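Here is a short tour to take with the structure open beside you. Have a look at the model, and then we can walk through it topic by topic.

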Amino acid sequence: MIQSVLFAGVGHLAQSGSGCLGPNGTSITGLCTSDNSLHMPVAYRSILPMLVLFIGALVLLLVSALLSKRSRPGLYPVLSTAVGLAALVASVWEWYDVGNRGVSTIGGQIFYDRFSVFFGVVVSVTVVLASLVSDSYLRREGLDGVEAYALILLAGTGAVLMAEAAGLIMLFLGLEIMSIALYVMAAYHRRRTESGEAGFKYFILGSFSSAIFLYGVALTYGATGSTRFQDIAGYLARNTLVHDGVLLAGMALLIVGLGFKVAAVPFHFWTPDVYQGSPTPFTGYMAALAKAAGFAGLLRTLTGALSSQQANWRPVIWLIAVLTLLIGSVMAIAQRDLKRMMAYSSISQAGYVLVGLQAGSAAGTAGSLFYLFTYAFVIVGTFAVLGLIQGPGEARNDLGAIRGLARRRPGLAMAMLVFLLAQAGVPLTSGFLAKFYVIEASVQRGQYPLAIIAMLAAAIAAFFYLRIALLMYAGEGEAAGPAPALEPAGGGAEAAGEAAGEAFVADGALTAGLQPVPSLDGATATLTWEPPPEERIAIPPAVAATLAICVVFTIAAGVSSPIIDFARHATAMI
Amino acid sequence: MGSVGTVGSVAASTLGFPILTVIVFLPLGGAILTALVPASDDGLARRVGLLAAVAEVGFVAYLLVAFKPVAGFQFVSQQPWIGSFGIAWKVGVDGISLFLVAVSALLFLVAMAGPPLRGSARAFMTWMLLLEAACIGAFLSMDLFLFFVMFEVTLVPAYFLVAGWGGPRRNYAAMKFFIYTFAGSAFFFVALLSLVFLTAPAHHGHATFDLITLTRLAGGLPHADQVLIFAGFAVGFAVKAPLVPFHSWLPDAYTEASTGGSMVLAGVMFALGGYGILRLGVFILPRGASDLAPVLLTLAVVGITYGAVVTIMQRDLKRLVAYSAIVSVAFVVLGEFAFSAQGVAGGVLQMVNESLTIGALFYMVGVVAERRGALRFSELGGIQKSAPILAAVFLAVVLSAVGLPGLNGFVSEFLVLAGTFVTHRWWAVVATTAIITGVIYFLWAYQRVFHGPARAANAAVREMSWGEIAAVAPLLAGIAFLGVYPAPLLDRLTPSVDHLLAHVQSADPAAHVPRISGGALSYSVPADQNVDSGLQTPAGAGATAAPVGAGAPAGAGSGAASSASAVPAAPSGGTR
């Protein structure tokens, strides 16, 4: 079936003879001149970031083949970071090169516009951040090698291709390039069975979703006669389908396939297991990258190609968004494992991007783009912190591992606090503005219930973000028993209770500490029984730098407007 | 007022620098400095933090002196922020916010300097200063987005203040407080965005969050929209205040917080709710407000009676004070939604008074707790014998809380009840019972703590130290001053309240608004003769739309209309 669709797409391409089409189907000169699809000139500038990433991956592999194994331990992360930076530079150049045009190049299969370039920037930045944080983790776990960085770059290649795709076939191609790299990355930790399990689960379920996506491509092609977004949109604009069952089924399957990648409920079941099992820095990369690319695909498909079908897909996305927001937030509360908790948190965050998508407007798209860009920094940073505190062999991922972090590593705790507050959507962080932009777009379309649900989900989610924050800033045994609480200041950020508090502790300690309190408090108290690990957490310079970048960006994007202006310029879809 | 709209006037800034921006950023800068002090040197952190708080009080005192007793916003300064959404940094102060800012600055200083601190002074000072910046920033905001940001940002330091320095159940209390308020904000936020986007078409399609522009535009919204948006605002602020069905976070948070934390939570943060509903709710959406006023008045009366009953039943001194705050807040709302000049002025005054009184109360509770450990009534009693000064100061604060004539509580309670009586007689009648119940629970509490036989540890309670007396003295001075001579405050407050009510009247001519004239309580002449509905006049529109810099000249005739009967009919008024 796959082959038939592929051939169908190619056949159509040859048939329509589309070389380079502008927004109105008019031929655009300058990028390509020939209409002959058999001799397609390749406008390399339109795929520059992708080329940089891809060639970078090949160079990395080549270098490793030429050098003896493990001769240069720090070389690959440096190279990978450099490739990411080069892709970033290429993207920025493209941003000014493409201007406000939107042209399809390379046989009408690649769309060269600011939307693609925006994701070029997002992906390049994510690649850089991930390369920087992975090094120390991989060395600690004895997994150092070129493969990890080659996979990072290849996954980035696929992600950029998904954003650049001008049709469903290219979208699928990018999806597979990215996904296969991510499957391997999930299973990268050879000695942890969880990692292998994560990779296997991700692979099996991911393959299913890819197949479903392909079926959606086939049905959409059947209904509209094309796989190119422009042609689909054009066809649907010119024709009214009397029997639109095939199109609707195709649309539904496309939503399922891409919904799987972005971990939208009810296609999210793989997420907790995979996030928990994958090597921690890769989890952050996966969360940032797969979401960005998946939403790039969803935005192109739904608000781009199928924008005339808004009446059909917006209710569906509405329901998915509500489920994603609520189930993500509620399930995260019940988690005891930090990585699992962040997995559900990332599901909930996807819900907000869906809210922006659901608006189906330029404002909603801009909000979603802003969300994805800022979220990349937050989530990579979060998992970088988790990677540091979990200790060798990912020994501790439970909530107790982060307890008392403020005392041991105040700077690290402060960074984590910023990320947590950003995810909770507290003002003066990027997370607040991100939520503001998507909810604003939703309100603009009159979606008041959805907006209120989204805000209430933020309130639910605040619970577990704050619980982590509280654990970080809790002192040793503070809530667990009377003795430490009565001690004078133990130093650091924790307080041993001041006058009135002490008085309460004196006679209230029994109820507070020794008996399980059947409340929110009780849940926290029982967690605090474990003694905190006392080993000093080493913070490698590269991770420290990355965290600093993420924190600065998160706050800067939370108090200023350039990023949203950037996103607003990238919303033209077709 | 002249042709300038009732909401549009902006008085001149007489200063060469943006004092309000300084007032907002000073505690923030102090917080950053305090956080940079090495963790080992808690004494230095404390000094730096206190210095910032003292400087803040100094600036605010200067503001009080420089403030002119006229209606409209003063010292406005404006900077574009997120231009594409019409969001700006815009701060200004009028008679309503002026004293809330002043009392906040004072209370924060006392709360930081007064109670002895165990644990990290650095962290405590940092969070307190951040909270101060956010609270004062919210009071001064003239941009709704900025207000919301400040309003939400308060939650983070407040959360850590409760969770870090509180009693045994502090984690639970802090979490409950945060989540309640966050959930309440959901409605506020969506209502705010709805307001902005529904008014955008009337503003050339550009969204704006500017308070004055929105106030001008919101009048054009359909009636039902105004009511719904107001309802969204009301939920958010009712949780923050809190009003009765949304109050269940309050006893936990106020009781579990440390002394300093309770002082600012109960003394300053509640006012964000009371101020927000007036400034954003009533000011922008007067029709929604007048439609839903019966609901809010009823909730206030329910809060007063229910709160009183629950308070009487408390067996713990701190919890009793916490519950009594429900009654005080209900008085604020009662006054504000009476829509009479006395009522609204009384409501605002009540906020100022409650800040002083309940701040002092929590401070005194902290003093007792420090000596006795326990705060259960069953374990207290007879403290007066060994600590007469402590008892006397406590009594003074309690008398202020029960509304003894000559102290501050009396003035505001009287104004609220009188103001409510003229517009909503039966609500006032029920609310008056609070005068009696308040006496019952406060004096009874006083009696149980300080009188009677002194058993065991109560027999030898340490007297108040000079330091403690010095800490509570500013609050006591405020209590006495406002009780004896509230005129300076009312003089500055009344023009802004009249202004507000004139706006309510212009939006809803059916509302009959009795007003204060020259400090005496009187009825105004019928509205159509003295109230310009300049909102709708082109001149008013022009004046409001013009960007106002820090040094901009005075709005035309912005000083008028402070006395209702003296104002002639505006030339262009009444054209709706």
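A:Val217 sits in helix α7 (residues 193-224) of chain A; helices here are DSSP runs of H or I with at least four residues, strands are runs of E with at least two, and both are numbered from the N terminus. A:Val217 counts as buried because it has 26 C-beta neighbours inside 10 Å; buried means 20 or more other C-beta atoms within 10 Å of a residue's own, exposed means 12 or fewer, partly exposed is in between, and C-beta atoms are placed from the backbone. The C-alpha atom of A:Val217 is 6.5 Å from that of A:Gly250, although 33 residues separate the two along the chain.

This is a predicted model, in which local features need pLDDT of at least 70 and side-chain atom pairs count only at pLDDT 80 or more, while totals for chains, interfaces and linings use all residues. Residues are numbered from 1 along each chain as its sequence is written, and chains are lettered from A and ligands numbered from 1 in the order in which they are written.

**Confidence in chain A**

- Chain A has a mean pLDDT of 83, with 82% of its residues at 70 or more; pLDDT is the predictor's confidence in each residue, from 0 to 100.
- In residues 1-37 of chain A the pLDDT is below 50, and this stretch has 59 contacts in the model beyond near neighbours in sequence; a contact means that the C-beta atoms of two residues, placed from the backbone, lie within 7 Å.
- Residues 476-532 of chain A also have pLDDT below 50, with 131 contacts beyond near neighbours in sequence.

**Chain A as a whole**

- The secondary structure of chain A consists of 23 helices and two strands.
- Of the 574 residues in chain A, 63% are buried.
- If you take the contacts in chain A between residues at least 6 apart in sequence, 78% of them join residues at least 24 apart.

**A helix pair in chain B**

- Helix α3 (residues 95-113) and helix α11 (residues 259-284) of chain B pack at about 170 degrees, their axes 9 Å apart; axes are lines fitted to C-alpha atoms, for helices over the stretch in contact, and angles run from 0 to 180 degrees between N-to-C directions.
- α3(B) and α11(B) are therefore roughly antiparallel, the term for angles over 145 degrees.
- Among the residues making this contact are B:Leu100, B:Leu107 and B:Phe108 from α3(B), and B:Val264, B:Ala271 and B:Leu278 from α11(B).
- The contact residues comprise twelve nonpolar, four polar and one charged; Ala, Val, Leu, Ile, Met, Phe, Trp, Tyr, Cys and Pro count as nonpolar, Asp, Glu, Lys and Arg as charged, and the others, Gly among them, as polar.

**Backbone spots worth a look**

- As background, most peptide bonds are trans, and most residues other than glycine have a negative phi.
- A:Val265 and A:Pro266 are joined by a cis peptide bond with omega about 5 degrees, and A:Pro266 is in the loop between α9 (245-261) and α10 (270-277) of chain A.
- In chain B, the bond from B:Ala241 to B:Pro242 is cis, with omega near -5 degrees; B:Pro242 lies in the loop between α9 (223-240) and α10 (249-256).
- A:Ile106, in the loop between β1 (103-105) and β2 (110-112) of chain A, has a positive phi near 50 degrees.
- Is A:Ile106 buried or exposed? A:Ile106 is buried, with 22 C-beta neighbours inside 10 Å.
- B:His204 has a positive phi of about 55 degrees, and it is exposed, with 7 other C-beta atoms within 10 Å.

Terms used:
Angles under 35 degrees count as roughly parallel, over 145 as roughly antiparallel, 65 to 115 as roughly perpendicular and the rest as oblique.
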